[in-house]
There are 2 protein chains.
Amino acid sequence: GRQILKEMVDELPALYELPQKEAKWVEDSLEYNTQGGKMNRGLIVVETGVAIMKHQGREPTNADLNRFAVLGWAVEYLQACMLMADDMMDGSVTRRGNPCWYRLPHVGLLNTNDFLMVEMFVYKILKRHFGQERIFPWLMDLFLETTFQTECGQLLDSICANCELEELTTERWTLIVKYKTAFYSFYLPVALAMLVTGVRDKKAFDTARDALLLMGIYFQAQDDYLDAFASPEVLGKVGTDIQDKKCSWLFAHAYHEQSTPEAIKFLDEHYGKCEVGSQEESKIKEVYRELGLQELFQEYEEDVENRLEDFKSQVKAADLPWSVFDRFFQLIHKRRK
Amino acid sequence: GRQILKEMVDELPALYELPQKEAKWVEDSLEYNTQGGKMNRGLIVVETGVAIMKHQGREPTNADLNRFAVLGWAVEYLQACMLMADDMMDGSVTRRGNPCWYRLPHVGLLNTNDFLMVEMFVYKILKRHFGQERIFPWLMDLFLETTFQTECGQLLDSICANCELEELTTERWTLIVKYKTAFYSFYLPVALAMLVTGVRDKKAFDTARDALLLMGIYFQAQDDYLDAFASPEVLGKVGTDIQDKKCSWLFAHAYHEQSTPEAIKFLDEHYGKCEVGSQEESKIKEVYRELGLQELFQEYEEDVENRLEDFKSQVKAADLPWSVFDRFFQLIHKRRK
Ligand SMILES: [Mg+2]
Ligand SMILES: [Mg+2]
Ligand SMILES: [Mg+2]
Ligand SMILES: [Mg+2]
Ligand SMILES: [Mg+2]
Ligand SMILES: [Mg+2]
């Protein structure tokens, strides 16, 4: 991680004539925004790569591990760019326990140029470490495509702010989370590991994508569920989805799938209009409970588990190690934070 | 132009499941931000491509013209992305006679996601029209590299806001304008035309780049000069460089090359601290005149003309048509707006 950062910052003065001050700025921005996360997405690339190689009967060398790690970092850089842009769009205050980069007084609107630079570093990492390889154009294309998919998700999410509650359906919810989160967090890291271990079968990528998007969508459903029902101490943050009029799993199901006239009336009056911790906000959570959303969520969880199980034969037919999918699911299944 | 826009927007519902409303949003954003400019950079690609082909003894077909035009549009999309980001960072009010996109009430911070999408459309254009060609990876690399160079220029420019006047030197000025403007406005369009007409000689690209950066830097010097000395009626806008403490050609030369103790004292007291139209601002322009900057600028103009003339033999040795460089220079030389 630090080494990738360093090798890129070190070339800035020679290749782009950046003075000390500016090179330091870029270094600080990369340090602040790309380091210190949980690295989940980056680690998925490594774990998946190792599992596929073993499945192929090969023992990963240090060089292999390094290649997986480099791609893992490229994913982390892409995520950093997206989060820096998202925090500014959302007016968020903190990220990973620190103030958001754009909130630092000396940064402010410069955040915009900084996340554009982080985005370009993704392609610099790819070019430096994979520029001479046959898979290079596919890696480039996968990152560009995933970036665009995530931006489509952000667009879907943002436009909700101007939507009537009527429009915040479960179909829209699925679309938002699939594009906003699932492609880059679940499909991208696994697809990278597949590309770099020599998987070329289109069917294998399609199967992996379907299974991973299912998990990614479930992951966001959990996020929405915990936003309302997890205690802030366990969750590490205070949920604001009701106040923010989010198209959340809970809201979409309450309003469109399980609704009663009374529930709709109350939501129409207060959803997105009441503050965190207010009586109305508690009452909305109460409505969610009365509509049986906690039970519905459990059913949904089991349904995901079953549908994932159905992928097992397809995954094996595509000659991919089922352990990868099983393990990711165990990591997120019934998480409490 | 419209056709490229349309073919990309049309595929959004099928490829990214975008609903009507979101597809319309993207269309509006592309329409507002990529159409209706002067298209100078786009036209340079076409003109240069035609000139090189004729120089090679070939007559451009409609298919050739179309290829040049497509790359011209890709440059225009990159520029649109950069301008949308720049306007937000600068807090600008108007662009091409309309309110900046981010200033429209229904847009606001969504501008961020919109310019990220415009950036991705650059690569969508390239993939659709050149994805099967041998030059495709070079086109991709050239756009990515130019994007990063422009971002380096934006960083250099932005960090000036926190600089002491002492640091706003002519060297820094050159660095800023070279990276912020010259690479993408002058080198990129010509380099694209060279790539697509089959030029492969590295020396030819180096020569073209040196000559074009010279012109690009001169172009920005004119911009800075006109900001202070052109009448707003002719210029079409009111210059704000003095108020904004810009590292302009005039300031850098006044403070560091032609300075007197009195001039430095006055600039220290008022540069970047007085408003447009104020007495102090007029006095600073007066100081510029007294220091002989108008004459110095004329000398600089002649110097550029001579240095460009010196490139003539190199350009011919690289088997490039000199007419291209000559014509661009005539377009900008001694411009009054
Ligand atoms: Mg956010
Ligand atoms: Mg957001
Ligand atoms: Mg959430
Ligand atoms: Mg600006
Ligand atoms: Mg600017
Ligand atoms: Mg100007």
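Trainee: How do α11(A) and α12(A) sit relative to each other?
Mentor: Keep in mind that this is a predicted model, where local features need pLDDT of at least 70, side-chain atom pairs count only at pLDDT 80 or more, totals for chains, interfaces and linings use all residues, and side-chain values use heavy atoms, without hydrogens or water. In chain A, the axes of helix α11 (residues 249-256) and helix α12 (residues 261-270) cross at roughly 130 degrees and come within 9 Å; axes are lines fitted to C-alpha atoms, for helices over the stretch in contact, with angles from 0 to 180 degrees between N-to-C directions. Under 35 degrees is roughly parallel, over 145 roughly antiparallel, 65 to 115 roughly perpendicular, and the rest oblique. So α11(A) and α12(A) are oblique.

Trainee: Which residues in α12(A) do Phe251(A), Ala254(A) and Tyr255(A) meet?
Mentor: The contact of α11(A) with α12(A) has five nonpolar residues, no polar ones and one charged. Nonpolar covers Ala, Val, Leu, Ile, Met, Phe, Trp, Tyr, Cys and Pro, charged covers Asp, Glu, Lys and Arg, and the others, Gly among them, are polar. Contact itself means heavy atoms within 4.5 Å. From α12(A), the partners are Ile264(A), Leu267(A) and Asp268(A).

Trainee: Which residue bridges the magnesium ion (ligand 2) and the magnesium ion (ligand 1)?
Mentor: Chains are lettered from A and ligands numbered from 1 in the order written, and residues are numbered from 1 along each chain. Donors are N, O and S atoms within 2.8 Å of the metal (3.2 Å for Na, K and Ca), and sites may look incomplete because water is not among the atoms. The two ions lie 3.4 Å apart, bridged by Asp86(A).

Trainee: Which helix do Asp86(A) and Asp90(A) both lie in?
Mentor: Helices are DSSP runs (H or I, at least four residues; strands are E, at least two), numbered from the N terminus. The two aspartates are four residues apart, about one turn of the helix. That helix spans residues 62-90 of chain A: α5.

Trainee: Is Asp86(A) buried or exposed?
Mentor: Buried means under 20% relative accessible area, exposed over 50%, and partly exposed in between (1.4 Å probe, protein chains only). Asp90(A), at 45%, counts as partly exposed. Asp86(A) has 14%, so Asp86(A) counts as buried.

Trainee: What kind of axis relates chain A and chain B?
Mentor: Superpose chain A on chain B and you need a rotation of 180 degrees with 0.0 Å of shift along the axis, giving an RMSD of 0.0 Å.

Trainee: How is α3(A) placed against α7(B)?
Mentor: Helix α3 (residues 20-34) of chain A and helix α7 (residues 136-159) of chain B have axes that come within 10 Å and cross at roughly 110 degrees. Lys21(A), Glu22(A), Trp25(A) and Val26(A) meet Leu155(B), Leu156(B) and Ile159(B) there. The angle makes α3(A), against α7(B), roughly perpendicular.

Trainee: What is phi of Asp319(B)?
Mentor: Asp319(B) lies in the loop between α14 (293-317) and α15 (322-332) of chain B. At 54% relative accessibility, Asp319(B) counts as exposed. Asp319(B) is not a glycine, yet phi is positive, about 60 degrees.

Conventions. Least-squares fit on C-alpha atoms with pLDDT ≥ 70 in both.
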